[in-house]
Amino acid sequence: MNIESSGSLRALRERLSGEGGREILRYLIAGVLTTLFNLVFFAVITAIFGMEQRHIFNVIDIVLSIFVAYLLNRIYVFRSREKCLAEFIRFFSSRILISLLFEVGGFWFLYDFCGLKGTILGSDFHWAKALTQVFVVVGNYLVGKLFVFVSKSK
């Protein structure tokens with residue numbers, strides 16, 4: 001069976017070629033940039049100060065990454081025109097909840113409980129930290145799309 005002739009593949013391609021697909025692509029780009037910021041900042045701060053205070057550095061990293069993500073999502077992904085303060089409060093609170101669940105809880109689970117303490121290619125990038133980002137990106141898109149960047153004019 002030729003996968004290219006599949007009706008479901010054609011429907012997916014048509015859906016992704018519209019504005020919704022472009023929005024998802026913009027979100028993935030913004031998510032990659034935010035994730036890189038998150039990973040690089042954590043790697044730099046733990047390389048300088050060590051892993052002993054990793055939980056404190058993780059929280060600082062999360063808060064800074066949320067600010068970066070808000071700017072990228074508001075301006076680039078969802079192109080929001082809504083009032084900034086209310087939108088930022090929704091964004092920040094939803095990101096804190098997802099971060100507590102996946103980044104803090106997930107990092108503790110993977111690094112401390114499961115013992116996933118290895119680094120990526122011998123660098124200061126930790127596998128446990130990188131894996132949490134997959135769940136964070138998916139969760140944040142869904143919450144951003146359904147709860148944060150909802151236009152009142154629709």
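**The cavity and a helix pair**

By class, the residues lining the largest cavity are six nonpolar, nine polar and two charged, where Ala, Val, Leu, Ile, Met, Phe, Trp, Tyr, Cys and Pro count as nonpolar, Asp, Glu, Lys and Arg as charged, and the others, Gly among them, as polar. Please keep in mind that this is a predicted model, in which local features need pLDDT of at least 70 and side-chain atom pairs count only at pLDDT 80 or more, while totals for chains, interfaces and linings use all residues. Residues are numbered from 1 along each chain as its sequence is written, and side-chain values use heavy atoms, with hydrogens and water left out.

A cavity here is a set of points, on a 1 Å grid over the protein atoms alone, where a 1.4 Å probe fits but cannot get out, and lining residues have an atom within 4 Å of a point. The largest cavity has a volume of about 160 Å³, a volume being the space filled by probe spheres set on the points. Of its 17 lining residues, the closest to the centre are Thr 34, Ala 69, Arg 95, Val 136 and Asn 140. Helix α2 (19-49) gives the most to this lining, with six residues.

Turning to the helices, which are DSSP runs (H or I, at least four residues) numbered from the N terminus, the axes of α3 (residues 54-77) and α4 (residues 84-113) come within 9 Å and cross at roughly 140°. The contact of α3 with α4 divides into 13 nonpolar, four polar and six charged residues.

Conventions:
Axes fitted to C-alpha atoms, helices over the stretch in contact; angles between N-to-C directions. Helix = DSSP H or I, 4+ residues; strand = E, 2+ residues; numbered from the N terminus. 1 Å grid on protein atoms, 1.4 Å probe; cavity = no way out; pocket = protein on both sides within 12 Å on 5 of 7 lines; lining within 4 Å.
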